[in-house]
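Here is a short briefing on selected local features. Please keep the structure open while reading.

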Amino acid sequence: MHVQEWLDTVPAAAVYAVVALVIGLESLGIPLPGEIVLVSAALMSSQHTGINPVVLGACATAGAVIGDSVGYAIGRKGGRPLLAWLGAKFPRHFSEGHVATAERSFEKWGMWAVFFGRFVALLRIFAGPLAGVLHMSYWKFLIANVLGGICWAGGTTAVVYYVGVVAEGWLKKFSYVGLAVAVAIGLASLLIVKRRAKKAQTAADREAEPVGAGE
């Protein structure tokens, strides 16, 4: 069943809890579809389902911040053996290559890696545990964690909510033609963003490679 169809069957209070829990577990280091759940719930809130977007954004932010903080504590205590264990359990997400890429990002960008990592699926899973493993100052981590959580969770909720409200009224006027155009624009935008993100990641890896070799 589609995520949004499943959320439609859940009471509003439970939706808030599910969003906070899934995002919290993802931020803790467990690979779950936190962003998909958040987007689906935010879209629901724009369709008169009784879900308050402000409460939803607050719950998503709380889940992100708390999950990252717990992940930081686990990473600081578990250290490198924790990463090795995660690599064995989740080889697709915690492979040596992914860990090395995330580690280079942290060493180069510090707090900014935590902040902007919230917007990148791979770093969103790594941020908390890896910051703990690398013994980043907790107060620096907390500041970047809170600001990143607010901007990502709150911003995503607000954008999807208002886009949903506008699209609903627009599609009532233009019916299937409007739907087709909206889908085409959305897919084109997604492809462009993914292509640019891939180029940026490749460039970052090439730039960081000599540093890793020197070490």
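Ser45 is buried, with a relative accessible area of 6%. This residue belongs to helix H3. The model is predicted.

**Ser45**
- A polar atom of the Ser45 side chain lies 2.5 Å from the backbone oxygen of Ala42.
- Beyond neighbours within four places in sequence, Ser45 contacts Ile51, Pro53 and Tyr161.

**Helix H3**
- Helix H3 covers residues 34-45, twelve residues in all.
- At 1.5 Å a residue the helix should span 16 Å, and its end C-alpha atoms are 17 Å apart, which agrees.
- The buried residues of H3 are Gly34, Val37, Leu38, Ser40, Ala41, Ala42, Met44 and Ser45.

**Thr156**
- Thr156 sits in helix H8, residues 138-214.
- Its relative accessibility is 15%, so Thr156 counts as buried, the cut-off being under 20%.
- A polar atom of the Thr156 side chain lies 2.6 Å from the backbone oxygen of Trp152.
- Leaving aside neighbours within four places in sequence, Thr156 touches Leu38, Val39 and Cys151.

**Nonpolar patch**
- Trp109, Trp112, Phe116, Phe119 and Val120 make a nonpolar surface patch of about 560 Å².
- Phe119 is placed in the loop between helix H6 (111-117) and helix H7 (121-133).
- Phe119 counts as partly exposed because its relative accessibility is 39%.

Methods:
Residues numbered from 1 in each chain as written. Predicted model: local features only at pLDDT ≥ 70, side-chain atom pairs only at ≥ 80, totals over all residues. Heavy atoms only, no water. Patch = residues over 30% accessible without salt bridge, like charges linked within 9 Å, V, L, I, M, F, W, Y side chains within 5 Å. Areas by Shrake-Rupley, 256 points an atom, 1.4 Å probe, with all protein chains shown as cover. Salt bridge = Lys/Arg side-chain N within 4 Å of Asp/Glu carboxyl O. Helix = DSSP H or I, 4+ residues; strand = E, 2+ residues; numbered from the N terminus. Buried < 20%, exposed > 50% of the residue type's maximum accessible area, 1.4 Å probe, protein only. Expected span 1.5 Å × (residues − 1). Polar contact = N/O pair within 3.5 Å; in protein donor to acceptor, adjacent residues only side chain to side chain. Contact = heavy atoms within 4.5 Å.
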